[in-house]
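My notes follow in the order I looked things up.

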Amino acid sequence: MANRLRHIRCCGLLCLVALAVIPAPPLKAQNPEFDLLIKGGHLLDPKNGINAVMDVAVSGGKVALVASSIANARAREVADAGGMYVTPGLIDIHAHVFWGHDGESQYSDGYSAIQPDSHSFRAGQTTLVDVGGAGWRSFPKFKEQVIDRSQTRVLSFLNIVGSGMRGGPVEQNLSDMDAKLTAMRIRQHPGLIVGVKVAHYNGPEWDPVTRAVTAGRETNVPVMIDFGGHTPPLSLEDLLLKHLRPGDILTHTYAHVGGRVPIVDDNGKLRPFVQEARKRGIIFDAGHGGGSFLFRQAVPAMAQGFHPDVISTDLHIGSQNSGMKDILNTMSKFLNLGMPLADVIKANTSRAAEVIKRPDLGHLGVGAEADIAVLSIRRGKFGFVDSGGGKLMGDQKLECELTVKGGRVVWDLNGISRPLWTEQKKGS
Ligand SMILES: [Zn+2]
């Protein structure tokens, strides 16, 4: 079956049609040792150094066994992943999921944010990090309304603005940017609040950055900066070389927005201080979004070897319905720009986990939470659109076949974990 599938999957669009009609074997053991066995897939687990065809067995919500061959009879359910890639569940370190119904509020209990489970699993994501939706004041509501009600693991970078990312004058209020209170809230929720966010401030002061870094230093979490729009403009070089610490994050790496110099200059050259910043440990995040990823920047930067550390979406209502679409479409852009598949997967699994200081996530070692994505690569002719409306043609595109969260199948595009209906027991 595995070889047959692998062969069929080389035929582009046709392969999906073929997959839909090839029966997955309905295998059920009498006394199963494992809840789920993902069989015959090519495992990419960068943290554990695995890049080979391996079976993965899950029990009690954890990874129970990874081996070259595990018998079907040992598992209650078997998912046939032949010809596909098995990876840790994807982590998106820049999303906006503090959704709600406050008409005056954009990404903080507002209509511009996304309900996490409505988007995550179909794109192989098991962890979404909301960046800046909530501040120290609004975090309890975010937790109650979104984090505690989502099957997706939702983590948070607190906005340095106490009221969060509500848009308009609220985000310009320096008197609501309090390092001490932000740090206090972070200490109340270790591992759940994993960073501090600065965004959208238009003034000439460095205060939002310095206060966020102070809060980050006190609590040992990174700061993520959405830079630009300052009047007069602040220096990107000073931000990266003087204000941020190693491990802090610049998002929207490949943007060209008002008030911020782009990383590639008018002659197509990567600015030397950007490389210098990478050497001192600054993290560069794609943060695609609705207005922050241009091929005019990304193509020359990638050609000069400047790959992103992390490939996030900047997910919100606008970006998911324009060029960004989802994390797999965004990762596919980098794949088509020459970033090796193993590096693309690493960026959004073990590297992302490292950046947010959650090393328990982003890998499939035995005992790890069984958050798993099964991905296929479609071959054909695909168009990828950037945030300026420009298109890049490519020949490969990632697609999510199966997502497992905490050992449970939460997305199964073509039913690879399901028996044929004709072979189901009555009442099941
Ligand atoms: Zn954003």
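Residues are numbered from 1 along each chain as its sequence is written, and side-chain values use heavy atoms, with hydrogens and water left out.

**Entry: Ser120**
I found Ser120 in the loop between helix 3 (116–119) and strand 7 (125–135). I counted a residue as buried under 20% relative accessible area, exposed over 50%, and partly exposed in between (1.4 Å probe, protein chains only). Ser120 counts as buried, because its relative accessibility is 0%. I then looked up contacts, meaning heavy atoms within 4.5 Å. Neighbours within four places in sequence aside, Ser120 touches Gln125, Leu128 and Thr152.

**Entry: confidence**
I checked pLDDT, the predictor's confidence in each residue, from 0 to 100. The chain has a mean of 93, and 93% of its residues reach 70 or more. Helix 1 (residues 2–8) is lowest, at a mean of 38. Strand 5 (residues 85–88) is highest, at 99. Residues 1–24 stay under 50. Where pLDDT is low, the predicted coordinates should not be read in detail.

**Entry: the zinc ion**
Which residues coordinate the zinc ion? I found His94 (NE2), His96 (NE2) and Asp314 (OD), at 2.1 to 2.4 Å. Donors here are N, O and S atoms within 2.8 Å of the metal (3.2 Å for Na, K and Ca); water is not among the atoms, so sites may look incomplete. I wrote the donor spacing as H-x1-H-x217-D. His94 lies in strand 6 (residues 90–95) and Asp314 in the loop between helix 9 (295–303) and helix 10 (317–320), so the pair ties together parts 220 residues apart in sequence. His94 counts as buried, at 1% relative accessibility. Asp314 also counts as buried, at 7%.

**Entry: helix 11**
Is helix 11 enclosed or open? Ten of the ten residues of helix 11 (residues 327–336) are buried, so the rest of the structure largely encloses it. Among the buried residues I noted Ile327, Met331, Lys333 and Phe334. The cover includes strand 6, strand 7, helix 9, helix 12 (341–347), strand 13 (372–385) and strand 14 (391–405).

Definitions and conventions
Predicted model: local features only at pLDDT ≥ 70, side-chain atom pairs only at ≥ 80, totals over all residues. Helix = DSSP H or I, 4+ residues; strand = E, 2+ residues; numbered from the N terminus.
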